[in-house]
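User: I've got this one up on my screen and want to go through it with you. Start with the terms, please.

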Amino acid sequence: MKTDIEIAQECKLHPITEIARQAGILEEELECYGNSKAKISDSCMERLANETDGKLVLVTAINPTPAGEGKTTVTVGLGQALHRIGKRAIIALREPSLGPVFGLKGGAAGGGYAQVVPMEDINLHFTGDIHAITTANNLLAALLDNHLQQGNVLDIDPRSVVWKRALDMNDRALRHIVIGMGGKVNGVVREDSFQITVASEIMAVLCLAADLADLKKRLGRIIVAYNHSGAPITAADLHAVGAMAAVLKDALKPNLVQTLEHTPCLMHGGPFANIAHGCNSVRATQLGLKLADYLVTEAGFGADLGGEKFIDIKCRMAGLNPSAVVIVATVQALRYNGGQTKKGAWKEAAPEALKSGLPNLGKHVENMKKTGVPVVVALNRFATDTAEEIQIIQDYCAGLGVDCVETEVFAKGGAGGEALAKKVVELTQADAPQLRYFYPLDLPVEEKIRRIVQEVYGGADVEFSAAAKRNLQQVQDLGLDGLPVCMAKTQYSLTDNPALLARPEGFTVHVSEVRISAGAGFLVVITGSIMTMPGLPKVPAADGIDVTDDGKITGLF
């Protein structure tokens, strides 16, 4: 089979104005970036404000192998399949980060014949949204350090600075640095660090903001440091909000692209789900619901991460109510969860290992059922799957009381997802059920975290470090204990230890730190050894990427 980029480069893209017309967007509501991508102006949402919402379909997954399980591919394929069976469907996805593009996991535009195009643009610079977020983040950092240099009238304690710089790249050398070492005129000497842009609070702010006014309010609430009396210093205190909003003004607008089969796709925002909240923007989701009968969206990594945060953070804040949940599973990931962890071993037939990994799927199904939303399992087919293993999974799902539908969207595009599309339509015929969250907001923060660990992960308890306990006291002192929590945790396990696979029991999750994201409106809970600045693997994907003399990109998946 051809590579993803070869398939994508053979696609004859329709003009983005035609895709917009198909989606119900007026040409004057487009801000085109060439012929194949565009931003959608605020006037479109204003025009559609009173339209009835379509059905919201969430695509999530089980815990993956290091290579990922094709959740975006299934999302794209499902959107294409819904179109093929005559439904008015739109897809809403996150934007790729350059970190995994040049690192290990790859891009976020789908794969095979279920891709969003132009995939090279999408996986590289796209419309500049992530660059704008990086700039806004580092503008705030620069204004903070300049304030320290220019007299520090806010009495900021340099040892209390919590705002990190950002770069959309995996660069472990920037995890811990010292700045301002060039003498008195070059800044105050202090410890600092970088995080990947998709972990920046500004990414979360942009993805959760309802409009420009809300964006500015959220930016103003961002806590960057504390003064010597322990009072918080915000971006508003530094008079940074206006300039940051000016940088982000265009980035706030959703992007329109298309799939290989010309299904409209809104691609906007890109927070990771292991270190951030893992969902595309509220604005793109709400716009898609106004434009389509079916809006198919994804939440990053497994249902224990992106799925839980989609429910407890995004849906709660935006008033969203999903009509169906699709849980993507693969034979490979179930083998991996059953112990086939050596690189490449999960690609080899191993029925007994697969059986050992099935409880991982069972836990994710159980969790999503707790929300009250109908669930279907999508078995994303790989060439190395065996008929015996597929039957084992289908029998297991039958015992859980959920349908397991095979999908072959990678190899066949929308045609390979029609059975899944029909099942989704069937599940969404009734009105969306009343969504049940995993915890109420009025619980103490420690209990919200414990509720997630016990109810979602299946653990026994939580252990808080001394630093985390101090953080929790600070949260309470600032009156922010009513915020939801955003768990930063490994994507490879239900626990905070990536080596504990399948469905462990009796474990304790270790919380090392609790960070306040007052602008985004949640608390980030750091568990285990999770890092907000990833590193590159021994052989990064960047090694194989090139461009020919005539400008054609090669090696990009």
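Analyst: Two residues are in contact when they have heavy atoms within 4.5 Å. Helices (H or I, at least four residues) and strands (E, at least two) are DSSP runs, numbered from the N terminus. This is a predicted model, where local features need pLDDT of at least 70 and side-chain atom pairs count only at pLDDT 80 or more, while totals for chains, interfaces and linings use all residues. Residues are numbered from 1 along each chain as its sequence is written, and side-chain values use heavy atoms, with hydrogens and water left out.

User: OK, helix α9 then. Which of its residues are buried?

Analyst: In α9, which covers residues 212-221, the buried ones are Asp214, Leu215, Arg218, Leu219 and Gly220. Buried means under 20% relative accessible area, exposed is over 50%, and partly exposed is in between (1.4 Å probe, protein chains only).

User: And what do those buried residues pack against?

Analyst: They pack against α8, β12 (232-234), α10 (241-248) and α12 (303-318).

User: What's going on at the start of α9?

Analyst: A side-chain oxygen of Asp211 comes to within 3.2 Å of the backbone nitrogen of Ala213 there. For reference, a polar contact is a pair of N or O atoms within 3.5 Å; within protein, one must be able to donate a hydrogen and the other to accept it, and residues adjacent in sequence count only if both atoms are side-chain atoms.

User: Switching topic. Is Asn137 buried or exposed?

Analyst: Asn137 counts as buried because its relative accessibility is 0%. You'll find Asn137 in helix α7.

User: Which residues does Asn137 touch?

Analyst: Its side chain makes a polar contact of 3.2 Å with the side chain of Asn138. Leaving aside neighbours within four places in sequence, Asn137 is in contact with Trp163, Lys164, Arg165, Ala166, Gln195, Ser200 and Ile202.

User: Now the strands. Why is β17 described as largely enclosed?

Analyst: Strand β17 spans residues 375-380, and six of its six residues are buried, so the rest of the structure largely encloses it. Val375, Val377 and Leu379 point one way from β17, with Val376, Ala378 and Asn380 pointing the other way.

User: What does β17 pair with?

Analyst: Two strands pair if DSSP finds at least two bridges between them. β16 (residues 324-329) runs parallel to β17 and is joined to it by five bridges, with Val326 opposite Val376. β18 (residues 404-407) is also parallel to β17, over four bridges, and there Val377 stands opposite Cys404.

User: What lines the largest cavity?

Analyst: The largest cavity holds about 70 Å³, and its lining includes Glu95, Phe126, His131 and Asp168. Helix α7 (residues 129-149) gives the most to that lining, three residues.

User: And the second largest pocket, which residues are closest to its centre?

Analyst: That pocket has a volume of about 1,200 Å³. Of its 42 lining residues, Val162, Lys164, Ser193, Glu513 and Arg515 are the closest to the centre. β21 gives the most to the lining, with six residues. The lining divides into 20 nonpolar, 13 polar and nine charged residues; Ala, Val, Leu, Ile, Met, Phe, Trp, Tyr, Cys and Pro count as nonpolar, Asp, Glu, Lys and Arg as charged, and the others, Gly among them, as polar.

Notes: 1 Å grid on protein atoms, 1.4 Å probe; cavity = no way out; pocket = protein on both sides within 12 Å on 5 of 7 lines; lining within 4 Å. Points joined across faces, edges and corners; volume = space filled by probe spheres on them.
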